[in-house]
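Please consult it alongside the sequence and the structure.

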Amino acid sequence: MPAPEGPTEIIDTDYEIGQDNINYRRRFVFELDIHNIVFSVSALTIIAFTLLTLMFQTTLDPFFVGLRDTLTANLDWFFLLAGNVFLLLCVALIVLPLGRIRLGGPDARPDYGYLSWFSMLFAAGMGIGLMFYGVSEPLGHYTSAFGGPVIENGVRTDWAPLDGAAGDAEGARRLAMAATIFHWALHPWAIYAVVALSLALFAYNKGLPLTLRSIFYPLLGERVWGWPGHIIDILAVFATIFGLSTSLGIGAEQASAGLDFLFGIASSTGEMIFLIMIITGIATASVIAGMDSGVKRLSEINMGLALLLLLFVIFFGPTMQIASGFFLNLSAYVQHLPALSNPFGRTDDNFRQGWTAFYWAWWISWSPFVGMFIARVSRGRTVREFLVAVLLIPSLVSVLWMTALGGTAISQVVTDGLTSVQDAALEIQLFEMLAHLPLTWLTSLVGIVLVIVFFVTSSDSGSLVIDTISAGGKVNAPVPQRVFWATFEGLVAIALLLGGGLAALQAMAVSTGLPFALVLLGAAVALVMGLRAEPR
């Protein structure tokens, strides 16, 4: 970890990075350097969970469905409130004088250029989800909003956001795009930004290890190196593993559907497991290659392919409607943002609990991984530059992506009267939309490749992050540890697919996101305390 450049408020502590680690370098042929408690508890628990899920896979489906539904139904208000707190904190730090503080010290300069920096943070933060939900979510919200509220036995049973827009095609389109952007723009990136900024500040400016426990030094003092800190890091490992497994399962489902669409290879659980195994192997090779040779290069390839697909849809789709829709959708998002982010007094239970609460829990479970990854590549940025870039640039790209892909699908249904996209399963809707544009085979193949490369990027960057946490903050821990975590990300995804499919994946993302939301609220307080102590 590079020392701060220029005057900063170094935290004086006797703790040394790796002092609680177990080192096997002389005992075995391969090297190991692991935190004795964090690694042991995390690894053994995840191994036990994987084995139990595989052993009882036929009986776990109702349990996972019930767990997911119970958490989102009873705690949706908490997830929405937490997301609002994180966004308001980020906005406040942008406009306050604290935004002038530079990560790494006043004389630090960025390690990566803007293009590489943005490619890495965006590919890690949103990849597979944008591919899976880019068509299906806007189209699904449009259909439910156009149908309007449905009351059965005094209970609202539809999935429309807010009060819907019954029979109003344009109103339903605007509400659908606003709801989609709400889930993919400012709020999720604010969650990531709080974690990333906190980690970067306490590692680069305060001289503490790059691990989640370091953030809590202003609140816990030296106790952060004991069991309170162990619990924080273990929760971060669990949240990251299960958040990533959700994404890997979704990616495998869509890649399998795409192969069926293109080549007639029947989609099955066995095929999805085979895909996870193959892609986990590729991710492991990328992890071994390291940050610059593996993750950075794959992220740039990813962004290039995603840009090509986006430009193709804009050019061959309803171009003028996409161009005008970008600004109209932003306007609709601003208009509906207060109502969509309100956690109380609403009747759209299915939308709020089934969509928003799940998303917020998913983003929170991803935040240790994405936050630490962003922190590792953001040294040298000012707080204001960091927050503006992390909040606004990915949000605007997400708006353009959803407008192009989702807007094109809605136009195919509303304007052209095509129903194949609307009637298709979620994982196939992207390919059904591309089927009504030129070069279907080629663009669908690009879509499959993008899903796979996003899959690999998320897996290998997540493995690097988990390895850092479980190694007590060491950023260059031995390679076998990274291989272990990359392997078990794939194994957990396979176990959850067999034990309950998508519902199991979602249930574990929500259940790990809940306790970590409490950790993040504490981290927000510690972040403000840490920034206020910095020289200005």
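A crossing of two helices is called left-handed if the near helix is turned anticlockwise from the far one by less than a right angle, and right-handed if it is turned clockwise. The crossing of helix 7 and helix 11 is left-handed in this sense. The structure is a predicted model, in which local features need pLDDT of at least 70 and side-chain atom pairs count only at pLDDT 80 or more, while totals for chains, interfaces and linings use all residues. Residues are numbered from 1 along each chain as its sequence is written, and side-chain values use heavy atoms, with hydrogens and water left out.

**Terms for the elements**

- Helices (H or I, at least four residues) and strands (E, at least two) are DSSP runs, numbered from the N terminus.
- Axes are lines fitted to C-alpha atoms, for helices over the stretch in contact, and angles run from 0 to 180 degrees between N-to-C directions.

**Helix 7 against helix 11**

- Helix 7 (residues 227-263) packs on helix 11 (residues 349-376) at an angle of about 120 degrees, and their axes are 7 Å apart.
- Helix 7 and helix 11 are therefore oblique to each other; angles under 35 degrees count as roughly parallel, over 145 as roughly antiparallel, 65 to 115 as roughly perpendicular and the rest as oblique.
- On the side of helix 7, the contact (heavy atoms within 4.5 Å) is made by Ala236, Ala239, Thr240, Gly243, Leu244, Thr246, Ser247 and Ile250. Helix 11 contributes Phe358, Trp362, Ser365, Trp366, Pro368 and Phe369.
- By class, this contact of helix 7 with helix 11 has nine nonpolar, five polar and no charged residues. Ala, Val, Leu, Ile, Met, Phe, Trp, Tyr, Cys and Pro count as nonpolar, Asp, Glu, Lys and Arg as charged, and the others, Gly among them, as polar.

**Helix 4 against helix 11**

- The axes of helix 4 (residues 169-184) and helix 11 come within 10 Å and cross at roughly 25 degrees, and the two helices are therefore roughly parallel to each other.
- Ala179, Phe182, His183 and Trp184 of helix 4 meet Phe351, Trp355, Thr356, Tyr359, Trp360 and Trp363 of helix 11.
- The residues of the contact of helix 4 with helix 11 divide into eight nonpolar, two polar and no charged.
- Trp355, in helix 11, is buried at a relative accessible area of 16%. Buried means under 20% relative accessible area, exposed over 50%, and partly exposed in between (1.4 Å probe, protein chains only).
- Leaving aside neighbours within four places in sequence, Trp355 is in contact with Tyr133, Glu137, His141, Trp159, His183 and Asn350.
- Trp355 and Asp76 are 279 residues apart in sequence, and their C-alpha atoms are 9.9 Å apart in space.

**Helix 16**

- Thr512 lies in helix 16 (residues 479-532) and is buried, with a relative accessible area of 11%.
- Beyond residues up to four places away in sequence, Gly490 touches Leu248, Ile276 and Thr280.
- Gly490 and Thr280 are 210 residues apart in sequence and 5.9 Å apart in space, C-alpha to C-alpha.

- Helix 15 (residues 440-470) has 31 residues and reaches 45 Å from its first C-alpha to its last, close to the 45 Å expected at 1.5 Å a residue. The expected span is 1.5 Å times one less than the number of residues in the helix.
- Helix 15 is mostly covered, as 24 of its 31 residues are buried.
- Just after helix 15, Gly472 takes a positive phi of about 75 degrees.
- Met131 belongs to helix 3 (residues 114-147) and is buried, with a relative accessible area of 1%.
- Residues up to four places away in sequence aside, Met131 touches Gln254, Leu309, Trp401, Leu430, Gly447, Leu450, Val451 and Phe454.

**Positive phi outside glycine**

- Asn153 has phi near 55 degrees, a positive value in a residue other than glycine.
- Asn153 is placed in the loop between strand 3 (151-152) and strand 4 (155-156), and at 81% relative accessibility this residue counts as exposed.
- Leu162, likewise a residue other than glycine, has a positive phi near 55 degrees.
- Leu162 lies in the loop between strand 4 and helix 4 and is buried, with a relative accessible area of 15%.
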